[in-house]
Amino acid sequence: MSEETSGRSRGGTLSGPGLNGAHRPRRGAAAVAIVRAVSVAVGLVTAYYLLPLDERLTPGTAVLLVSGLLVVLLVFCWEVRAITRSPHPRLRAVEGLAATLVLFLVLFAVSYYLLDRSEPGSFSEALNRTDALYFALTTFTTVGFGDITARSQTGRVLTMAQMAGGLLLVGVAARVLASAVQAGLSRRHREPLDPAGAGIVPGQNPET
């Protein structure tokens, strides 16, 4: 039996020095995934505060917001595809969920902010950007403090749309991501480990 295969148990898992070598790149990948997820979230929130949102909610801006929701859907579909092809599908799923969730919240925060500027009194108090993001987050988490509420019909329609979208994001999207992770893990397990036990080498015979 060769040195490369001596570290493999009967169940196909690694043991011995190769296992420690495999953990190091995984820890590095986890750190990179966390940094990227945080960077995307910070970047989107920063853009939300820096963008010149001086326009009022008009049919044109409403079309842009709907387009933004379509972008959320496209980003999500792209992330699902990337998860199935990633060597670390669980970590990629965390990145994808963070990007999709923050983009979803920012889009509705922009909607609430522009609506309040277009129709003062649409909410129980005037909204600045922080208030709009706060209302979007509390609506998504169903906390329901009641300090800010939608009063106009348009505001309530937007809030209901966010509630429905949030349910889809938590329910359907979470299941899709879980299925993508399982597909990615199955794909990775079908491929053999390299001689150091630290990665996947497509097309290599694990028994050689």
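Colleague: Where is Ser152 found?

Modeller: Ser152 sits in the loop between helix 5 and helix 6. Helices here are DSSP runs of H or I with at least four residues, strands are runs of E with at least two, and both are numbered from the N terminus.

Colleague: Is Ser152 buried or exposed?

Modeller: Ser152 is buried, because its relative accessible area is 15%. Buried means under 20% relative accessible area, exposed means over 50%, and partly exposed is in between (1.4 Å probe, protein chains only).

Colleague: And what does Ser152 touch?

Modeller: Leaving out residues up to four places away in sequence, Ser152 touches Leu115, Glu119 and Ser122. A contact means heavy atoms within 4.5 Å. A polar atom of the Ser152 side chain also lies 3.0 Å from the backbone nitrogen of Gly155. For a polar contact you need a pair of N or O atoms within 3.5 Å; within protein, one must be able to donate a hydrogen and the other to accept it, and residues adjacent in sequence count only if both atoms are side-chain atoms.

Colleague: Before I go on, what am I looking at here?

Modeller: It's a predicted model, so to speak of local features we need pLDDT of at least 70, and side-chain atom pairs count only at pLDDT 80 or more, while totals for chains, interfaces and linings use all residues. Residues are numbered from 1 along each chain as its sequence is written, and side-chain values use heavy atoms, with hydrogens and water left out.

Colleague: OK, what is the mean pLDDT of the protein?

Modeller: The mean is 76, and 75% of the residues reach 70 or more. pLDDT is the predictor's confidence in each residue, from 0 to 100.

Colleague: Which elements have the lowest and highest mean pLDDT?

Modeller: Helix 1 (residues 3-6) has the lowest, 45, and helix 5 (residues 129-140) has the highest, 94. pLDDT stays under 50 over residues 1-22, and also over residues 193-208.

Colleague: How many helices and strands are there in the protein?

Modeller: There are 6 helices and 0 strands. Buried residues make up 36% of the 208 residues.

Colleague: Back to helix 5. How many residues does it have?

Modeller: Helix 5 has 12 residues and reaches 17 Å from first C-alpha to last, close to the 16 Å expected at 1.5 Å a residue. That expected span is 1.5 Å times one less than the number of residues. Of those 12 residues, 9 are buried, so helix 5 is largely enclosed by the rest of the structure. Among the buried ones are Arg129, Ala132 and Phe135.

Colleague: What happens at the start of helix 5?

Modeller: There, a side-chain oxygen of Asn128 reaches to within 3.1 Å of the backbone nitrogen of Thr130. After helix 5 comes Thr142, with a positive phi near 55°.

Colleague: And helix 4, how many of its residues are buried?

Modeller: 22 of its 30 residues are buried, so helix 4 is largely enclosed by the rest of the structure too. Helix 4 reaches 43 Å from its first C-alpha to its last, close to the 44 Å expected. Ser111 has its place in helix 4 (residues 89-118). Ser111 counts as buried because its relative accessibility is 5%, and Ser111 touches Leu65 and Leu158, not counting residues up to four places away in sequence.

Colleague: Which residues touch the most other members of the largest nonpolar core?

Modeller: Tyr48, Val110, Tyr112, Phe123 and Ala132 do, out of 34 residues in that core. Helix 4 gives the largest share of this core, 12 residues. A nonpolar core is a set of buried Ala, Val, Leu, Ile, Met, Phe, Trp, Tyr and Cys residues joined through side-chain atoms within 4.5 Å.

Colleague: Tell me about Tyr48. Which helix does it lie in?

Modeller: Tyr48 lies in helix 2 (residues 17-50). With 2% relative accessibility, Tyr48 counts as buried. The side chain of Tyr48 reaches the backbone oxygen of Arg129 at 2.5 Å.

Colleague: How far apart are the C-alpha atoms of Tyr48 and Val110?

Modeller: They are separated by 7.6 Å, though the two residues are 62 apart along the chain. Tyr48 touches Val110 as well, and its other contacts include Leu53 and Ala132.
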